[in-house]
Structures are given as structure tokens and as C-alpha cells.
Amino acid sequence: MIFGYAGKFLEVDLSTENIKEIKLDYEVLRDYVGGRGLATKILWDRLGSKWETVAPLGPENILLFLTGPLTGFFPGGRICVSGKSPQSNGVVGSTVAGEFGVELKCAGYDGIIITGEAEKPVYLFIKDSDVEIRDASHVWGKDAKQTVRLFTKECRGILKKRFPHYGEWKEPSILYIGPAGENKVRTAIVGAKWTHAAGYGGYGAVMGSKRLKAIAVKGTGPLPEVADMEKVKQLTQAICEDVYEKELWRRWGTGSAGYEVGATTSSEPIRNWQEEWHDEKSFGVDKFENRVWIKPYWGDFGCPTTCLKIAMVKTGRFKGAITDNPDYELQAYLGTNFGIFTPEENVFLSSLIDDLGLCGIQTGNLLGFVAELFQRGILAKQDLDGLEPKWGDAEAFAALARKIAFREGIGDLLAEGAYRAALKIGEMKKVDVLQYVVQCKGISLGAHGIRSGKDYPEIISYACSVQGGDHTSVACLPLDDSRSELIMIFHDSAVYCYFNIFGIPRNLKFEFYKAVTGLELAQEEWVNTKALRILQLQRAMLLLGGPDLKWNPKIHDENPARFYEPLPSGPYKGKTVDKAKFEQDKKEYYEAVGWDKNGIPKSEALEKLGLQDVDKALEKLR
Amino acid sequence: MTTKKEPIWVARDFSKCSGCRKCEIACSLFHENRIWPEASRIRVFMLVPGLEFPHFCAQCEDYPCVEACQVEALSIDSKTGAVLVDEEKCTGCGQCIDACPGRVPHMHPTENHILICDLCGGDPQCVKVCQEGKWNVLKTVSKKNYAYKLYARTPEEITRDLAVKMYGELGEEFL
């Protein structure tokens, strides 16, 4: 056995309502760990042979909610959501903060595997080993805040009734979708609280396609036994002490960056990336802190950083808007990217996006793209149901977001996400609009530009990533760099929040892994073997793709066209991505990870990792 | 944190709670040597997101739980003023829960006895981690002759108050 695991997984077939417990082999857990790594393995084993035909929003797709061995132990609890992505048609490990993973392990499960699709709206209620599929018709259509309220009340009511002598029941932990997920919008999230999001990948739409409104879990057992609790305590203390001394993330979260990343590193999306620099002090973190943050420190299980905050607008036109933070990504994508530079408008849009169950990054990027098409006259008022998304007009962007969540009018087309919408608009208007979409392999980019060279991603970061535009999983060299996708795979597979590791020695996470699991794991072994194996599997499924889209590395391992335009303003004015340098870096990256000149994993690289079946499946792409 | 000699009380400022739940982790590690949120004597409720607060014994002046216990399983620690549970005697009948104005005690999730904060014998571990984190939600103070019983409130009652304080008139909509 490996310590740190509950030892079993819950498998629920929503078509047949069959619920069972399964176990995974020791070797599988040892090699694929949990979360993203394990998701990749499960999806490959079960769907790999027919990957290209599996519709991400069809009943054949498998939806996964996986913890990792470090979940609940390493400070900052998370859960990883995965499946075949309706954005990239590959696999994305999409993690979200909260107590869900902890409750799940305390209920005795390392993860949940959902197959099939329900006939009518349902939710899953897990109380330890009691698992039931319950009717959710009365909650279908509800926004995030009401969904959380109704399930909290209902589940506590059930627990009280069943266990009248237990005392007061704490709320179960809930993962849910909003209207956008229900309507299979490809930019829909799986949400927790108000609203932490598993955004990248679009798994809210997968949940919606299965008519699964929510999962609520209450686990009353302890977290699994660990190999060395004294060591776990000692390492936890070291991490916490470091974090408590550092103010940046704790005080501001990433919320200082809405100003900083524009003004200082000049890498923030502004008006759909037409610029990346601004010096709007109206958008300074002091304005957020002093005007809208009503809870200055908001955290999830075991987290010393508590980078989240709660913002509320108390006066004026947007009174009553409530959201977490907004963090940097949403300050950028629902702020500067719309030409909006006030906290109140930004909180209003973020609150709305939460309520609708949309991803602020994907939807903000998409709407910025739409607004640029409007600016250029490619899309007119009559194309947009009478709406005019002018830069800075928060109400117009809000109206479009609602249309997307409910697939009304133009919203139905836009609900396919930026890339797919661009293909359709291009056809409709006979104009190449792909040049204005800032995305990679169906996934809109995180709010960190590469042109100034002053932010953290490199010029190949998005183009070569197996998770496309995901800013939390970027490609870079050397492969063991702390920003590297191969290291990110560790965070996403052991499943904890990597915002707690910035100040600690790099090896501590592997020591932590050993203290929990009892297994030795050296960074070198992780990067060169285990993480690389997961990366190859993700790459294989990404390239196999289908059924609606396929990626050709020669075309799609590429930056958005915009990144080859020179920055028009700011301290790095004129800077752009050098195409020759990009090609060189890409070549070096391909070589380092064992991909051939066309970007396909090489036979010998796959064989070395024991992935002969993957090699066979990729033959047709070579 | 120095161990106070006289009876102590854990002062609590709910609105500062970040929801990090380090108190639950510390409590369950101390009492159970496991990370076990449901077996923690202090439990963080979040009936409405953003309104997290630790729910635990307020050591009422008149100890109604001790009074209510038919089997003399509950007693008062003369040193700290905490309510002590005799796990052998306790039958898990739940009368102390009903007697508590805040319905604070709850059953051990796997054993047949009630859980009530014992102040860790005078050096509450929850306070220690809360102070280390500089949250200052929990603070050990000397127990004076105040109406501590006011703090024995149900999770719903506390949430209702916090909802108004945090979200104003909108708070009602989330309850």
C-alpha cells in the first residue's frame, strides 16, 4: 500500500445509476500519483483506443474528480477536475481550491469517476460510503449563489434527519455548475463556493452534458494514514512560517497585478491584447483594498496564504455585486481587456460571471475578441442582437455574457468558445478573424503576455504546452525549471495549491511526498520519467483530438498572431516575438521532450517510458 | 503561548476568520493524532461562503451541559474551567447537545461519546495556530466574570449575524 491514499475510488454511471467502488493498482498510483497524472492514465486506458470519436459533450466522455496523496496534508487543499476537454479535445488537469478533496478523502475515496449521462438533472450526495443520485430539477437553472445555498440547506437537512443525535452538521463541500454549464457552454466552469473555479478545460460543460448539477460530499473519517506524521507536521510548519513572513500573496493575493502587470511588466491583456501596457492608477490594488474588499483574507483548507479576498460593491449602479477577489486573471480579463479600469465595474462583471458559472478567463478573452471585431466593423450591432460592445462599457459586456450562458441569440455561437466562434464568424463574414483570437489549441490564454519578455512565460510557453493557453501549465526549458510544465504536473497530480511553495526549497515538495506516501521521489526521476510519461500521454490525446477539431503541430504549435505584432505602447514599445527565435526554441523543446521535428512524440522516447501502445496510436499522425 | 494558571477563556472574533481551518487540523492532531476535521472539538462552519467561523464550547457560567448529563460523564476542569468528557461513562445520548444554547457538542464520528473542547489542558492548540497565522480570531484570555454564555449560539444564529455584518441587507438572501 501507499500511505496518504484513501485506497478506493467511487465510480458512478449516470445512465444506469450504477454506483460502485473500484481500486487502482499500486503501480498506477505510484507512477501517475493522482489528479492530473492519474486522470491522464484513466482516460487513456478507457478511451484511448477510440479517443478521436469520443465527443467531449457526449455520454461517452468520462468526468473525473481526483485528489492526490498530498491533498489535505500539503497546505492549500484542492481537487483536480478532468476528462476529455470540450475546449482542446485533449486532457486538461483543472484544479480548484476548497475542502472538497479533503471531505472526499475523509469519506474514504481518492476520487470520483463519472460515466454516462443522467436523463434528468441530478446531483450526487456522498456521506461516507452512502452514495446516492438525487433529483436536482429544483436547482437546475439557479445561479451560483443560490445553488450553494439550496444544496447546503438540503444536504444538512438530510444529515440532520438521518443522524438526529449527532449534533450540528457542518455543511458538506459542494462542486457545482451554473447555468452556463447546464447549457453546455464551452467556457463553463466547475465551481466551489463563490466562486473558485476549475476553469481551464471547460469541464462545467461536461458536467452539464451529463445533467449533473452538483456533487456534495461529507466525509466523517480522518484523512488517510501517512508514513511519517512528525515529518508532515515539521514540513507544514516550515511552509507556513515562510508564508506568514511574506506579505505579497497573503495581503493582496494576485490582486496587485491588475495594475502591476500592466504598468511594470507590460504583459497584461488590454482591449483584446491590442496593448499590454497601462498606467491606470484607478485600477491600483489600493483601490481594491480600500473600496471593495470586505474580507481581506479568505482561504481554503490548511492554507496559510489565503490569497483570496471577498469583494462587494456597496453603493452605486453595481451595488450588491459580490465575488472572490477578483484575482489578477479576472482583473485583467474582466477589466483591462474590456478597457475597464475601475474596481466596481470589475467586481460587477466578476460577480456576474460567477453567478452564470462562466470562466472569467475564457469568457473575458472571448468577449474581448468580439469587441475587437466590433471595433473593426467586422461584427455590427445587428450581428450582436442590437448590442454594442464598446471598450469600457461594462453593461454591454454583461449583456453578452448572459446571452452566452443561456445560449440566446448570438450567445449560442459564442458559447462555443473563442476559437470555435472565430472559425464560424470567419466563415460567415469571409474575413480571417483567427488573427484576432488570442488562444492556443482551443484554450484562451491566461493573462500573461510574452512580448515584453518581463513576465514569466517564455515565447514557446503556450505554443508547446499540452494544456494550450493555460497559464498555470507552461512549457519552458530546462525541463526541471520551477515554471516548467513537468513540475506543474507534480502540483496538479499530488493535488495541492502551488501558491504555497514560492519561498521554500524546491526539494521540499518531494520530501513532503515521501513523508506522506513513504515513497522516495527524486526531482530527476520525476521530471525525466514520471512527469514526462504523463506529458507524452497528454500530448498524444491532444494530437489525436477530434471529433470536431484536430491540431496539427506544424500549424498549431504556434503563438497567436497578435504576439508577432510589436507592442504599441509602454516601456517595451516595439518589442515582439522573434519568429526565428521562436522556431529555434521550439526545436530545442521538441528535442528535450522527445518529439520529432513535426512535434509528434518519437517512438524511442515512448518506448523508453513503456508507452508502446501510445506509439502505435500515433503512427497514423507521423 | 504561555500556559495560563487560572481558568482561561478563548476569546473569539468571528469576522476575522479566514476559513483556513488550521484550528481543526491542530485540534484533531492533538486529540486524535490524525487530521480529522469531523473529530475536531473546534469546527469551522461555512453555511454561507465568506462567513466562516469556529464553533466551539463557550464554557457557560452555569454549564447547562454538565447539569443535563444523567450519567455524570461531564465535569468541570478546576484548573482551566473546561468541560471534560469521561469517554467511558458517556453513552452518547445527546442530552448535552440539547442543553447547550449553541448546540456545540457533537458526537465523535466513530466512537460512542460526545466531543467538547477541553482547552487542551490549558494550552489550546487552536489558539496557537491561529496566533501563528496572525489571524487573531482566537486568543487565550483569563476567565473573568463575564457573560460568556452569550457566545454559545447555534451555527445558524451566528451565520445570521455575520451575514448582516458582511453582506448587509443582501445577507438575508443567502441564508
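Predicted model: local features only at pLDDT ≥ 70, side-chain atom pairs only at ≥ 80, totals over all residues.
Figure 1. When neighbours within four places in sequence are left aside, the contacts of His106(B) include residues of both chains: Tyr166(A) and Gly167(A) from chain A, and Glu38(B), Ser40(B), Arg43(B), Ile114(B) and Leu115(B) from chain B. With Arg43(B), the side chain of His106(B) also forms a polar contact of 3.3 Å.

**Figure 2. Helix H4 of chain A and its N-terminal end.** Helix H4(A) is made up of 19 residues, 144–162, and spans 27 Å between its first and last C-alpha, close to the 27 Å expected at 1.5 Å a residue. At the start of the helix, a side-chain oxygen of Asp143(A) comes to within 3.2 Å of the backbone nitrogen of Lys145(A). The buried residues of H4(A) are Ala144(A), Lys145(A), Gln146(A), Thr147(A), Val148(A), Phe151(A), Thr152(A), Cys155(A), Arg156(A), Ile158(A) and Leu159(A). As background to this view, an α-helix has 3.6 residues a turn, so residues three or four places apart point the same way.

Figure 3. Ser351(A) is part of helix H12 of chain A, residues 343–356, and is buried, with a relative accessible area of 4%. Apart from neighbours within four places in sequence, Ser351(A) is in contact with Lys145(A), Ala321(A), Ile322(A) and Thr323(A). The side chains of Ser351(A) and Lys145(A) are joined by a polar contact of 3.4 Å, and Lys145(A) is itself among the buried residues of H4(A). For orientation along the chain, Ala463(A) is 112 residues away from Ser351(A), and the C-alpha atoms of the two residues are separated by 31 Å.

Figure 4. From H17(A), the contact is made by Glu485(A), Leu486(A), Ile487(A), Ile489(A), Phe490(A) and Ser493(A), which meet Gln523(A), Trp526(A), Val527(A), Ala531(A), Leu532(A), Ile534(A), Leu535(A) and Gln538(A) of H19(A). Sorted by class, the residues of this contact are ten nonpolar, three polar and one charged. H19(A) also packs with H21(A), residues 579–593, at an angle of about 115° and with the axes 11 Å apart. Here Leu532(A), Leu535(A), Gln536(A) and Arg539(A) of H19(A) meet Tyr589(A), Tyr590(A) and Val593(A) of H21(A), giving a contact of five nonpolar, one polar and one charged residues.

**Figure 5. Two cis peptide bonds in loops of chain A.** Leu477(A) and Pro478(A) are joined by a cis peptide bond with an omega of about -5°, and Pro478(A) is found in the loop between strand S17 (443–444) and H17 of chain A. A cis peptide bond also joins Gly546(A) and Pro547(A), with an omega of about -10°; Pro547(A) is placed in the loop between H19 and helix H20 (553–556) of chain A.

Figure 6. Arg21(B), although not a glycine, has a positive phi of about 65°, and is placed in the loop between strand S1 (8–12) and helix H1 (22–32) of chain B. Arg21(B) is buried, with a relative accessible area of 3%. Leu119(B), likewise not a glycine, has a positive phi of about 55° in the loop between strand S7 (114–115) and helix H4 (125–132) of chain B, and is buried at a relative accessible area of 1%. Within H4(B), Gln125(B), Cys126(B), Val127(B), Val129(B) and Cys130(B) are buried, and the buried residues of this helix pack against S1, H1 and strand S8 (138–142) of chain B. H4(B) is followed by Lys134(B), which has a positive phi near 60°.

**Figure 7. The exposed loop residue Ser129(A).** Ser129(A) is located in the loop between strand S7 (122–127) and strand S8 (130–135) of chain A, and is exposed, with a relative accessible area of 52%. Not counting residues up to four places away in sequence, Ser129(A) touches Glu21(A), Ala107(A) and Tyr109(A). Lys105(A), 24 residues from Ser129(A) in sequence, is 11 Å away in space, C-alpha to C-alpha.

Methods:
Residues numbered from 1 in each chain as written. Chains lettered and ligands numbered in written order. Heavy atoms only, no water. Helix = DSSP H or I, 4+ residues; strand = E, 2+ residues; numbered from the N terminus. Expected span 1.5 Å × (residues − 1). Buried < 20%, exposed > 50% of the residue type's maximum accessible area, 1.4 Å probe, protein only. Polar contact = N/O pair within 3.5 Å; in protein donor to acceptor, adjacent residues only side chain to side chain. Contact = heavy atoms within 4.5 Å. Nonpolar A, V, L, I, M, F, W, Y, C, P; charged D, E, K, R; others polar. Axes fitted to C-alpha atoms, helices over the stretch in contact; angles between N-to-C directions.
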